[in-house]
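Trainee: I would like to take a close look at one part of this structure. Please walk me through it slowly and show me how the pieces connect.

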Amino acid sequence: MTLAEGVQLVLFGLLAALVIGTALGVVLLSNIVYSAFLLGGVFLSISGLYVLLNAGFVAAAQILIYVGAVNVLILFGIMLVNKSQPFTPVRRGWIRLIATGGVCLGLFALLSTMILGTSWQLSTETPVGDGATVLIGMHFFSDFLLPFELASVLLLMALVGAIILARREFVPDEPPTDAISDALKLPERPRELVPAGREGSESPE
Amino acid sequence: MDFTNLASQLNAGIILPEGIVVATLLVVLVGDLIAGRASTRWTPYATMAGLSLAIVALIYQWDTATPLSFLGSFMGDDLSIVFRGIIVLSAIATVPMSIRYIEQSGTSLAEFLVIMMTATLGGMFLSGANDLVTIFVALETLSISSYLLTGYMKRDPRSNEAALKYLLIGAASSAIFLYGMSLLYGLSGGKMKLLEISQSFVAADSDAPIGIIVALVFVIAGIAFKIAAVPFHQWTPDVYEGSPTPVVAFLSVGSKTAGFALAIRLLVAVFPVVSEQWHFVFTALAILSMVLGNVVALAQTSMKRLLAYSSIAQAGFLMIGLVVGTEAGYSSMIFYLLIYLFMNLGGFTCVILFSLRTGTDQISEYSGLYQKDPLLTLCLSICLLSLGGIPPLAGFFGKLYIFWAGWQAGAYGLVLVGLVTSVISIYYYIRVVKMMVVKEPQEMSDAISNYPEVRWDLPGLRPLQVSLILAVVATSLAGILSNPLFTLANNSVSHTPLLQAAIDQQQAPKAVVPPVATIAPAVTSVAQR
Amino acid sequence: MIPLEFYLLLAAALFCIGIYGLVTSRNVIRVLMSIELLLNAVNINLMAFSNYLDPATATGQVFTVFVISIAAAEAAVGLAIVLAIYRNRDTVDMEEFNLLKW
């Protein structure tokens with residue numbers, strides 16, 4: 001990175017403010033669609049930070065995968081469960097909010113004490129910069145070959161499993177064909193169904 | 001980098017068992033794709049055959065001269081072989097349980113088997129993972145497949161809900177674990193291999209700095225979630241109650257074993273610098289798990305929830321072995337895991353059989369079962385009594401060994417808590433047994449009065465019967481004929497350089513820093529020989 | 001050069017925001033988003049360490065790429081489960097998921 005130091009610092013400040021601001025928006029806004037778009041903002045500003053950290057390849061991967069795949073997936077999810085549902089307020093919900101906020105502030109205080117109190121072993125070598133793309137490829141096919149191959153099995157299975165779970169079954173499954181199975185019932189029959197959402201919206205059995 | 005050399009350096013033969021599992025997985029997946037619904041006739045047997053082949057391959061790898069493979073990503077030492085074996089065995093035992101269950105619920109069997117084999121694969125790699133990236137990817141493989149399995153009965157709202165809770169809590173805990181790992185990467189100055197990290201901690205030579213403590217806490221949060229130790233256990237009862245019962249059987253043995261393998265490798269290899277602190281934390285976790293698991297189990301009305309709390313308590317007993325950290329401690333833990341495999345899976349097989357025949361898993365519905373199905377009553381009684389630790393069943397010897405190891409290492413408090421809580425646990429196991437053998441017909445529950453005729457010739461029940469008998473025979477005899485298991489557990493500990501180094505260090509506790517500095521390079525040289 | 005600590009503090013702040021969202025959100029999809037925030041905080045940590053402590057080998061970047069790809073898989077599985085439960089229960093409110101007692 002050849003930018004002057006001052007420019008870097010300003011850029012960092014800007015991006016950091018964007019990250020924190022949009023992340024707070026994701027968590028605090030009441031409209032879920034705004035949150036989803038702000039999440040895209042978080043991802044984009046983080047990829048800007050990666051550029052500042054001399055990692056162009058990961059910055060591009062961040063945009064492609066997080067913004068292009070995860071964020072779009074979440075937007076699809078919001079559309080598919082499209083229900084403007086007023087959440088009935090929980091009694092004394094504010095106590096929980098304040099307690100959680102306190103715990104999170106405490107966690108942040110702990111982490112920042114740790115970060116500032118540790119002497120990090122800074123390296124003096126020059127960063128590889130854009131050569132990192134080649135290096136990452138080398139790593140994938142040498143010392144990180146095993147996790148790389150395992151990740152392929154994981155992705156295949158996530159694909160299969162997500163399709164199984166999300167697929168709507170149009171054809172009802174035929175009942176077991178053997179005649180004697182009248183004696184056997186479904187292994188798990190729900191004991192009591194609490195009507196969720198509106199009245200009478202019990203799940204089809 | 002020279003790629004022809006690389007192939008020979010990889011030492012890929014070490015992961016042959018995992019390779020066999022992957023091959024089986026692909027055969028089942030593609031075979032099901034081609035054959036359609038007719039594939040249910042052969043896929044479970046193909047799965048069992050493949051997994052058994054993996055066991056054979058594991059046996060041939062015992063005491064291999066070069067355990068380190070994939071340039072240090074994977075460690076195939078004897079410790080990992082035992083843990084991988086337990087995980088594969090639990091998967092093999094889960095297959096016959098699930099055939100009839102999945103058939104009756106009208107979902108497809110092949111995908112279930114494939115996802116379960118992926119979970120097995122993740123657990124196996126987790127048992128031998130030797131760098132941070134492999135640990136993370138293997139852990140996520142195990143976790144994501146477990147979420148999918150939990151939600152597999154997608155038309156049952158309880159299964160959905162269990163999957164959702166498991167996913168949210170699991171993803172959060174793995175993110176926390178990951179934050180801890182990123183701190184480890186930073187604190188060690190950019191190292192990924194476990195032993196290099198611990199060497200750089202020793203080289204830094206500071207007395208338990210705050211950074212390492214924070215990393216330790218975050219890492220323990222991730223591990224404790226996997227082994228369901230109190231207070232990271234809240235997901236367990238819900239997930240166990242809601243998910244399909246064969247999945248619960250696998251989670252309670254396979255996934256927990258993988259968690260313990262991760263705990264041993266990560267804590268022993270990376271955190272010798274803060275050894276006192278993590279022993280303290282695990283002592284607390286063990287006491288809390290034993291007390292809370294056993295006490296809350298008393299109040300349960302659902303059999304699956306009862307077994308959930310019982311599994312939390314069993315994790316507490318297992319942690320005693322980890323905490324004392326002597327040779328006997330580690331091998332008693334492995335011995336108990338081996339026995340726990342048989343008795344817990346046997347218990348779950350009985351629960352599945354009962355729910356297949358009656359459609360319920362409430363404890364009160366079990367009353368009078370003896371009148372209708374003496375075999376099931378006998379098997380369930382043996383497994384439950386063994387879990388409770390009644391002599392001469394296997395569980396008694398497992399507990400005896402753990403308590404003996406703990407007592408010898410001077411962990412008197414832990415052993416006393418363990419003894420008292422085991423007595424409590426006997427009460428709730430016996431309560432179920434007593435309920436099943438009531439004599440008076442009027443005390444019989446509705447489910448029992450309408451109990452269907454006992455027959456084993458329905459499709460899918462024959463394998464269930466065989467596995468039930470095998471598990472019960474193993475549970476009753478493993479205690480008396482425990483010598484092979486005992487030797488196996490002992491050898492796996494004494495042939496593992498990592499544990500030997502840790503035990504030597506434990507025996508010279510006062511001079512912590514100098515021995516570590518000499519041991520850690522020795523371990524690396526042994527490991528890379 | 002920007003001090004390493006700035007990046008780490010930013011990551012810690014993002015992590016805490018993620019935890020806050022995880023605990024307080026009522027909408028399931030927002031909980032999933034909070035998990036993505038947590039993973040991104042970890043990624044910032046890893047990238048910063050990679051650039052400042054280990055610039056010549058870039059192993060931190062490799063780790064980040066793994067985290068990114070697995071986060072995508074996790075999000076896909078998570079949304080599939082959310083869809084399945086929404087079909088059966090017709091709600092995405094965390095407080096309504098109480099068939100199993102906590």
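Mentor: Happy to! Let's start with R305(B) and D238(B), which are both buried (under 20% relative accessible area, with exposed over 50% and partly exposed in between, for a 1.4 Å probe and protein chains only). This is a predicted model, where local features need pLDDT of at least 70 and side-chain atom pairs count only at pLDDT 80 or more, while totals for chains, interfaces and linings use all residues. Residues are numbered from 1 along each chain as its sequence is written, chains are lettered from A and ligands numbered from 1 in the order written, and side-chain values use heavy atoms, leaving out hydrogens and water.

R305(B) and D238(B) form a salt bridge with their closest N and O atoms 3.4 Å apart (a Lys or Arg side-chain nitrogen within 4 Å of an Asp or Glu carboxyl oxygen). R305(B) sits in helix 13 of chain B and D238(B) in helix 10 of chain B, so the pair ties together parts that are 67 residues apart in sequence. Helices here are DSSP runs of H or I with at least four residues, numbered from the N terminus.

Now turn to E161(B), whose relative accessible area is 0%. E161(B) meets K165(B) in a salt bridge at 3.3 Å, N to O. These two are four residues apart in helix 7 of chain B, about one helical turn, and K165(B) is buried too, at 5%.

E161(B) also bridges to R89(C), at 3.1 Å between the closest N and O atoms. Because R89(C) belongs to helix 3 of chain C and E161(B) to helix 7 of chain B, this pair joins two chains. R89(C), like E161(B), is buried.

Putting it together, E161(B), K165(B), D238(B), E241(B), R305(B) and R89(C) are linked in a network of salt bridges.
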